[in-house]
Amino acid sequence: MKAYVIPLQMYHAQEENIMNQRQIDIADMQCWVFRMAQTKWNISPVECASIFKQYNILGFIANCYDSLHLSSYQCALDDVEEMLHNHGVRI
């Protein structure tokens with residue numbers, strides 16, 4: 001039977017790919033807000049992804065997570081809509 005050895009650098013690289021709890025929570029909020037926006041705005045996933053990408057909404061959620069997570073996902077979507085409105089986007 002052969003023993004396999006994983007080089008230390010490779011082991012650390014694998015550890016870096018594991019999300020911590022905060023990252024998981026942020027990703028969860030991003031997914032929920034995306035799906036809620038798609039439903040509320042009555043647009044396709046592709047159209048919603050285009051808006052999210054163009055206005056960096058996922059980055060907005062990640063950067064503002066500490067404030068956004070204190071209220072509901074609906075409030076987070078309201079903040080996203082306000083941010084879009086401030087950029088002149090009419091949904």
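Contacts between residues 24 or more positions apart make up 60% of those in the protein chain with a separation of 6 or more, a contact being defined by heavy atoms within 4.5 Å. The structure is a predicted model, in which local features need pLDDT of at least 70 and side-chain atom pairs count only at pLDDT 80 or more, whereas totals for chains, interfaces and linings use all residues. Residues are numbered from 1 along each chain as its sequence is written, and side-chain values use heavy atoms, with hydrogens and water left out.

The protein chain contains six helices and zero strands, arranged along the sequence as α-α-α-α-α-α. Helices (H or I, at least four residues) and strands (E, at least two) are DSSP runs, numbered from the N terminus. Of the 91 residues, 24% count as buried; buried denotes under 20% relative accessible area, exposed over 50%, and partly exposed the range in between (1.4 Å probe, protein chains only). The protein chain exposes about 6800 Å², of which carbon and sulfur atoms supply 57%. These areas come from the Shrake-Rupley method with a 1.4 Å probe, and for residues only the protein chains shown count as cover.

Three aromatic pairs were identified. Rings of Phe, Tyr and Trp (its six-membered ring) pair if their centres lie within 6.5 Å; planes under 30 degrees apart count as stacked, over 60 as edge-to-face and the rest as tilted. The pair of Phe34 and Phe52 is edge-to-face, because the ring centres lie 5.1 Å apart and the planes stand at 75°. Phe34 belongs to helix α2 (residues 21-41) and Phe52 to helix α3 (residues 45-54), so this pair ties together parts that are 18 residues apart in sequence. Phe34 is partly exposed, at a relative accessible area of 21%, whereas Phe52 is buried, at 3%. A tilted pair is formed by Trp41 and Phe52, with 6.4 Å centre to centre and 55° between the planes. Trp41 lies in helix α2 and Phe52 in helix α3, so the pair ties together parts that are eleven residues apart in sequence.

Apart from its neighbours within four places in sequence, Gln38 is in contact with Ile43, Ser44, Pro45 and Cys48.

Two salt bridges are present, each defined by a side-chain nitrogen of Lys or Arg within 4 Å of a carboxyl oxygen of Asp or Glu. One joins the side chains of Arg22 and Asp66 (2.9 Å, N to O). Arg22 lies in helix α2 and Asp66 in helix α5 (residues 65-68), so the pair ties together parts that are 44 residues apart in sequence. Arg22 is partly exposed at 39% relative accessibility, and Asp66 is partly exposed at 48%. Lys40 forms a salt bridge with Glu81, with the closest N and O atoms 3.0 Å apart. This pair links distant parts of the chain, Lys40 in helix α2 and Glu81 in helix α6 (residues 73-86), 41 residues apart.
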